[in-house]
Amino acid sequence: MAASRPNQLFRNKSAKIAAIPMIATALVVFLGGTIWTVAHSFTSSKLLPKWDLVGLTQYERLWGTRRWLISIENLMIYGVCMLVFCFVIGFVLAALMDQKIRFENTFRAIILYPYALSFIVTGLVWQWILNPEFGLQHVIRSLGGNRPPAECEGVGLSLSCWLSGIEFDPLYNPRIAIYGILIAALWQGTGLIMVLMLAGLRGIDQEIWRASRVDGIPAWKTYLFVVIPMMRPVFVTTLVLIGAAIVKVYDLIVAQTGGGPGNATEMPAKYVYDYMFGGQNLGQGFAASTMMLLAVLIVVIPWAFMEFGRKNRG
Amino acid sequence: MTIRSILMAGGAVCAAGYASAAELEVMHWWTSGGEAAAVAELADALNERTEHTWVDGAIAGTGQTARPIMISRITGGDPMAAFQFNHGRQAEELIEAGLLRDMTDVAEAQGWKDIVNPPLLLDACTVDGRIYCAPISIHSWQWLWLSHKAYEDAGIPVPTNWAEFVNAAPALEAAGKVPLAMGQQGWQQNGAFQVMMISLLPKEVYLQVYRDKDAEKARGPEVGRIFQALAQAREMSRDSRVQDWNQATNMVITGEAGGQIMGDWAQGEFQLAGLVAGEDYTCLPGLGGNPTLQAGGDAFYFPALDDPEMTAAQGELAALLLDPQTQVAFNLKKGSLPVRGDIDLSAANECMQKGLEILASGEAVPDVAQLISADSLTRIEDVFVQFFADETITAEEAQEQFAALIEDAD
């Protein structure tokens, strides 16, 4: 950024005027809407918003509701796994793609392609793939000839029996259903992360690679200790993108499981929607969405201080 | 299709020439095969028998998708002419805010008080003595659908009531069947509980719990029995790993499952599969216990409009909805029961006839949606989702949670 000068406010006048509509939208729609929502979360609004303050009643009810607690727990599991796997898989794919392979464009397109699909389509496709009756489990069992259990009793070691007995139905088992969602989300999301990481890798000066090769440093060490620290800005961008995608996950759940089986894949965003529109209780929905906002702020504010504080000093 | 739409467009252009003709935009969420055919009956009736034109405003999806859209249209100052709602307390606040039209004049002119049966349907439309909606169909939940094939395979007779059904479960399991098919979705589990409440206990208990919000009653031993039965249902449906209700119905159709508790809309699935009531499947109203039906269903509400011509047209539409001819055409297509007791529905099948008899005998109770708010309903539903998903929760714990919500309900 250029060093500050006294007349900076009046420089680039036309650009600033052009930005006014966007700034106004941001202030009125985002900030105004947020404040309105937070304020109304302290009311007893039902179907229509009304200004009838009830204090923290909505929040007390919210944190006493099991479904909300389960939603938070699910979001935690989903969030941590999504973050870790997205980063690791995205980076590994990008690093592999960076080895000057043939048909790179083709591979890149194939891996990025799922991102072109909406969560609704992704959810439906994976609902079918993971369906035990005609999805992956069925395909694997068919490989083994689909032999009934009775036929296999007492048959010792047999590949066809083992294949026929395999069980893979994450969406129908409450304990692991959330991982079924995770598979779909990773399939859809890692492509974009890979492309971003690849762009970051391409931004690394070739001289650095040459220098490390001259010094005889193995490639993996160069990646880990030289390249990754240099890619910090790319990591921050991807972190923000993944983080936003995690908190707002809703459509994938609706399309893939509808929150089920039981409430094994309920998410906070779905709680908000269900109570706002299904339960016709705006106050409760607003309270839940305010909690979601709070969670985001808790993560974003320290990070912003760290990030921007550092820049000013540097 | 194209010719018809051209004709309809032509009709709309011609109709615009008449001073009194209005275009009525009607919003609803009836988009599945049978439902769409039923709506077409209403549209044809309006287009042919009045000079007004039906403008279809279908919203794909469930009521949960459609309701927010409708409400935002009305509160946003761009109301449609009429919209479908499940009558009950969902529209209460819209009425209080003065956004809906008072239909009492039409209702009195048409004598709805005398023709609507059961009368509680009209009560659900009434707020402070004024009538705000036109009921059009009745759907009831209290049905147990049984697969003859499943019981034949297990070598036992088809049960005739809930107790026999429970006793037959081990034999079905031994034959590799799922005794009770149930989709793992909250509304289905919640529905099953309500059905048991009404069918296995005197209907007064149901009314005391849901209407009077009597938490003592909800904690009591009678309701405790229902929770025990629900725990049995949970056990019997353990292997029913499906989500949607029609997938569960399909398990009954193929004989993979013994039975399913589901509303009368399940009948359409049996019909589509070419099964015959009484031969291939049995329907037990009230689980073979109390022949009492919960009369919920669909109704049309009419937003308050400024234009007097439109208001008059709304009245004509409302009158048409309860017309005997429209009632028969609509309900036969939709598989629901008519809201009038005085019309001939001999074309209906065995199960529908059973339902009609019960309605004629006056054994109907209001739907829960008419008794407690959507908010409380959602919370109660969450309890049952939890109960069915987690087998470590005992019947007593679930009952206590339920009673606490009833205490808190509005």
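Predicted model: local features only at pLDDT ≥ 70, side-chain atom pairs only at ≥ 80, totals over all residues.
1. The interface between the chains. In the contact between the two chains, 24 residues of chain A meet 25 residues of chain B. The area buried between chain A and chain B comes to about 2300 Å², and carbon and sulfur atoms give 47% of that area. On the side of chain A, the three residues A:Leu47, A:Leu48 and A:Tyr172 supply 23% of the area that this chain buries against chain B, more than any other three residues.

2. The domains of chain B. Chain B is divided into domain 1, made of 23-139 + 296-352, and domain 2, made of 143-294 + 367-408. The C-alpha centres of domain 1 and domain 2 of chain B lie 29 Å apart, and their contact takes 13 residues from domain 1 and 18 residues from domain 2. Between these two domains of chain B an area of about 1300 Å² is buried, of which 52% is given by carbon and sulfur atoms.

3. Helix H5 against helix H9 in chain A. The axes of H5(A), residues 119-129, and H9(A), residues 177-202, come within 10 Å and cross at roughly 130 degrees; because of this angle, H5(A) is oblique to H9(A). The crossing in which H5(A) passes H9(A) is right-handed. A:Phe119, A:Thr122 and A:Trp126 of H5(A) make the contact with A:Ile183, A:Ala184, A:Trp187 and A:Gln188 of H9(A), and by class the residues of this contact are five nonpolar, two polar and no charged.

4. Helix H4 against helix H9 in chain A. H9(A) is also packed by H4(A), residues 104-112, with the two axes coming within 8 Å and crossing at roughly 140 degrees, so that H4(A) is likewise oblique to H9(A). From H4(A), the residues A:Glu104, A:Arg108, A:Ile111 and A:Leu112 meet A:Gly191, A:Leu192, A:Met194, A:Val195, A:Leu198 and A:Arg202 in H9(A). The contact of H4(A) with H9(A) has six nonpolar, one polar and three charged residues.

5. Helix H2 against helix H16 in chain B. H2(B), residues 33-49, and H16(B), residues 308-321, pack at an angle of about 125 degrees with their axes 11 Å apart, and this angle is the reason why H2(B) is described as oblique to H16(B). H2(B) passes H16(B) in a crossing that is right-handed. The contact is made by B:Leu42, B:Ala45, B:Leu46 and B:Arg49 of H2(B) and by B:Leu317, B:Leu320 and B:Leu321 of H16(B); the residues of this contact divide into six nonpolar, no polar and one charged.

6. Backbone features to inspect. Most residues other than glycine have a negative phi, and most peptide bonds are trans. In chain B, the peptide bond from B:Asn117 to B:Pro118 is cis, with omega near 0 degrees, and B:Pro118 is found in the loop between helix H6 (112-115) and helix H7 (120-125) of that chain. In chain A, the phi of A:Lys100 is near 55 degrees, a positive value in a residue other than glycine; A:Lys100 lies in the loop between helix H3 (66-97) and H4 of chain A.

How values were computed. Residues numbered from 1 in each chain as written. Chains lettered and ligands numbered in written order. Heavy atoms only, no water. Axes fitted to C-alpha atoms, helices over the stretch in contact; angles between N-to-C directions. Helix = DSSP H or I, 4+ residues; strand = E, 2+ residues; numbered from the N terminus. Parallel < 35°, antiparallel > 145°, perpendicular 65-115°, else oblique. Left-handed = near helix turned anticlockwise from the far one by under 90°. Contact = heavy atoms within 4.5 Å. Nonpolar A, V, L, I, M, F, W, Y, C, P; charged D, E, K, R; others polar. Domains from an automatic or database assignment. Buried area = accessible area lost by both parts, 1.4 Å probe.
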